[in-house]
Each structure stands twice: as structure tokens, then as C-alpha cells.
Amino acid sequence: MITLTLGLLPMDSQHIDLHRAIIALTCALDLVGIDEVKHGKRVAMMAWHIAGKLAWSAEDRLSILQAGMLHDCGVAKIREHRHLTESLEWDGAEAHCQRGEEYLRACPPLSHLAEEIRYHHTRWEKLQQTALSARTRLRANLLFLADRIDVLQAPYLASEQILIAAPKIVERLQSYSGSLFCPELLDAFADLAQSQAFWLAMDPDYLDEDLRNLGNHVPLETLPYPDLREIARLFSRVVDAKSPYTELHSERVAQIARRLAQSFGIDGANLEQVEIAGLLHDIGKLRVSEDIIDKPGSLTAEERACMQRHSYDTYRILQRVFVDSKIPEWAGLHHENLRGEGYPFKTAATALPLECRIISVADIFQALAQSRPYRVGMPLAEIVAYLERRVADGVLDAGVVEKLKADAEDYYHLAQGEFCPE
């Protein structure tokens, strides 16, 4: 077992605070909306309030809150996020709903949210003709309504001007009663919208505080390691979906890192943490524009700075999820090197754990084997020669590279995705 904690739980515990983990990981999804952050959290809180107005059970309110935070897990590209927040309806919205459903269905702890995420941009009139339960229809449409409320309030966020704009927002959405939205949901929203508190609670500071407080009475859950790994894999898939050139990059890095760690005798919880760190090592890249990731030529100084911050963002995001764990360090320091010239901390070799060195080599090896916008995937012999040069330069760990070379053909197959994950 591995521990994913956000409280003062020991690392050998099998309990996790799933609610707070979702909040923390939603911060990663926030990075996609560079121009419009905390969208998922606002959707979650508004859906939770509307559900309360409708007297939903505490369990159903908590579930819709979590669905709201994860409703855009199928969005990885900044361009797509902007399209989704520019108008009430967008013809391309279906694609991210389908991806979100796919990701969630593959993640057992969160699979119960998959169907409502799949239909959270579907008109109410169309939902009525869809083979779904009445509960799923209502939940999906509540997410759609809260999502569109946030689009309309976006120009007034963190400003008292929202109190002036609110009546027009309500009036516009009510004009879609029975077509885009369920009349019952709109009526509940209209009642809530009369309260200034409903709108002012969307202030970023209040929003984060309220979300944390809502989780105070949520019981800890016991999850086996495979379920925890699937939560990590879900977010790795979101990251890797930013570009066709990085598809399954994190999954393959994780598999290479896990096998390398085993060759050093790392086992048990530490081995499992290495794999999770590999899956999440690039989660900070959600902030990086796909235009930079897919750029075929060299990066400008500004673009390079944007790219370099991703490892620090990874470190800080994972600190919120994995308390009292080495996962944030092992993942966040994967661009450090033995000469102390890497980033973001310029960490000296003596302070770089073996697990960091392993993930660094795994990341470089897989990236070189995979085609990128500026080159095709390199043959194995060229990759090994490159790694040897980096060892000679004092950048990479010689022992880790030697372990990789001992089974280079197998690692090359892993890098190209020819072996299935466990």
C-alpha cells in the first residue's frame, strides 16, 4: 500500500482524504485556464449550493461538489479552455466531455462521476431523449448550468460589480428554461441568486476556504495502491493530452522509473511512490501553452522561462496532495542535475536522492525515444550514446545509466509503449 494523505497521517497508513486530494489536484486543472483560474472550483461550489436549495442529501451534494471540481478533467489545451469560456454553447464541447468520461471510467475511486461528466454540456431537451437515469440527467444538467453561470459572471469576478450584473445573468439563463436547462434547476438558482452572498462567495480567498471547510467532516477512505495509481494516471493523461507528441509520456516514464528502481532494490511503498512520482512529474505542464510544447524550433527566453517553471509547479501541487511523502520532491526535482545546474532549485548532487536521479534518467530516455515536433524519435544506440555523454559531463548519475544500459532493449520497448502497464 501507499499513502496519499493531506492530514497528519503516518506514511504506512492506507487512509486518504480523497476530498482534499481532489481539491489539490483541481489546482492542477486550474493551470489550464491561464486567463480564467478556479473555474472548476466555482462550478463545484455553485452546484453544491443549488443542490442544497433542492434539498439533496449530504452525500449527493458532496458528490456533485467533487464532480464540479473534476468536470473539465478532459480539457488539457489552453485554446480549448478559451473556447469553452467564450460563449454559452460551443460546437467543439463534446470532445472534452468524452475524454473526461474515458479518464474517469478508468479510475475506480472516481468512476461513479463518469456519466454525468460525459453529458455536462448537453442541452436539457436532448438529455430528455437520452437513455440515462433521471438522477444522471439532473446532475449533468446542474453541472452545465453552474458551468455557464461561471462563464457569464467571469467579467465581474472579485468585484462588487457582479451584484449589478447578477439580475441580467439570471434573466439570460432563464430564457433557456426547458431548452438548455432544467426549469427546476433554474428556479433554484434564481432564488439563490437574490442573495449577494451567493455571488460574493466566489471571491478566490473565500472560495478556497469554503472548499477546505466542507471537507472537514468527510471521513477518510481506505484505498488499495492500484486505485491510488489510477488517480495519478488520470491526471497524467490530462497532462500528456496537451500534445500528440507527449501521448503516454508520463505513463512510460513511470514504468521505466519503476523498473529502474526495482533494479536498485527499492521495493514496497517506496517503489509505489516512485511510480506515482513518474506519473505526475509533468503535472505542472498544464500551465504551459501547447504552442510552446509543440513548437518545432528553439524557444525564446520567455518561452523557456515558461517551460522551466513547470517542475516547480509540479512540486508545489504535489505538496498539497502527498503530505509527509517524498513524491513531491522526487517528481518536482526531475530537471535537477548532478552539477547543481538544473532547475528549479539548483540542487547539489549530494542532496539529490537516488529516486530523483532515476526519474530524471527515465524522463530523458523516454523523451528521446519519442518523436517530438523538432525531431523524430532517436534510435536506441544514439540515446545510449547521449546518456553516456551526459554522465561524462557530470550531469546524470552513472549508476542509473549503467542499470538502464544493462537492459537497454527492454527499456527502449517500454519507452515506445510496447509493454502494457501492470
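Predicted model: local features only at pLDDT ≥ 70, side-chain atom pairs only at ≥ 80, totals over all residues.
I started at Phe345, which counts as partly exposed at 36% relative accessibility.

I checked the backbone of Lys346 and found phi near 55 degrees, a positive value in a residue that is not glycine.

Where does Ala158 lie? I found Ala158 in the loop between α8 and α9. Its phi is near 60 degrees, again positive in a residue other than glycine. Is Ala158 buried or exposed? Ala158 counts as exposed because its relative accessibility is 61%, and the cut-off for exposed is over 50%.

How many aromatic pairs does a search of the whole structure find? I noted seven aromatic pairs. Among them I looked up Phe144 and Phe181, a tilted pair with 5.1 Å from centre to centre and 55 degrees between the planes. This pair links distant parts of the chain, with Phe144 in helix α8 (residues 134-153) and Phe181 in the loop between α9 (162-174) and α10 (183-193), 37 residues apart. Phe144 counts as buried because its relative accessibility is 1%. Phe181 counts as buried as well, at 0% relative accessibility.

Tyr312 and Phe345 form an edge-to-face pair, with 5.8 Å centre to centre and 65 degrees between the planes. It also links distant parts of the chain: Tyr312 is in helix α18 (residues 310-321), Phe345 is in the loop between α19 (327-332) and α20 (354-369), and 33 residues separate them. Tyr312 counts as partly exposed, at 31% relative accessibility. One more note on rings: Phe189, Phe198 and Trp199 form one aromatic cluster.

I wanted to see what a charged side chain does at the end of a helix, so to speak, and picked Asp240. Asp240 is found in helix α13, which runs over residues 225-240. Is Asp240 buried or exposed? Asp240 is buried because its relative accessible area is 6%, and buried means under 20%. Leaving out residues up to four places away in sequence, I listed its contacts as Thr246, Glu247, Leu248, His249, Ser250 and Glu251. I took a second look at His249, whose backbone nitrogen lies 3.1 Å from a polar atom of the Asp240 side chain. I also noted the spacing to Leu333: 93 residues in sequence and 19 Å in space, C-alpha to C-alpha.

**Entry 5, cavities.** I counted five cavities of 30 Å³ or more. I opened the second largest cavity, which holds about 60 Å³ of space. Which residues line the second largest cavity? The lining is Glu336, Asn337, Leu338, Leu352, Cys356, Arg357, Ser360, Val361, Val395, Leu396 and Asp397. Sorted by type, this lining has six nonpolar, two polar and three charged residues.

Key: Residues numbered from 1 in each chain as written. Heavy atoms only, no water. 1 Å grid on protein atoms, 1.4 Å probe; cavity = no way out; pocket = protein on both sides within 12 Å on 5 of 7 lines; lining within 4 Å. Points joined across faces, edges and corners; volume = space filled by probe spheres on them. Helix = DSSP H or I, 4+ residues; strand = E, 2+ residues; numbered from the N terminus. Buried < 20%, exposed > 50% of the residue type's maximum accessible area, 1.4 Å probe, protein only. Contact = heavy atoms within 4.5 Å. Polar contact = N/O pair within 3.5 Å; in protein donor to acceptor, adjacent residues only side chain to side chain. Phe/Tyr/Trp six-rings, centres within 6.5 Å; stacked < 30°, edge-to-face > 60°.
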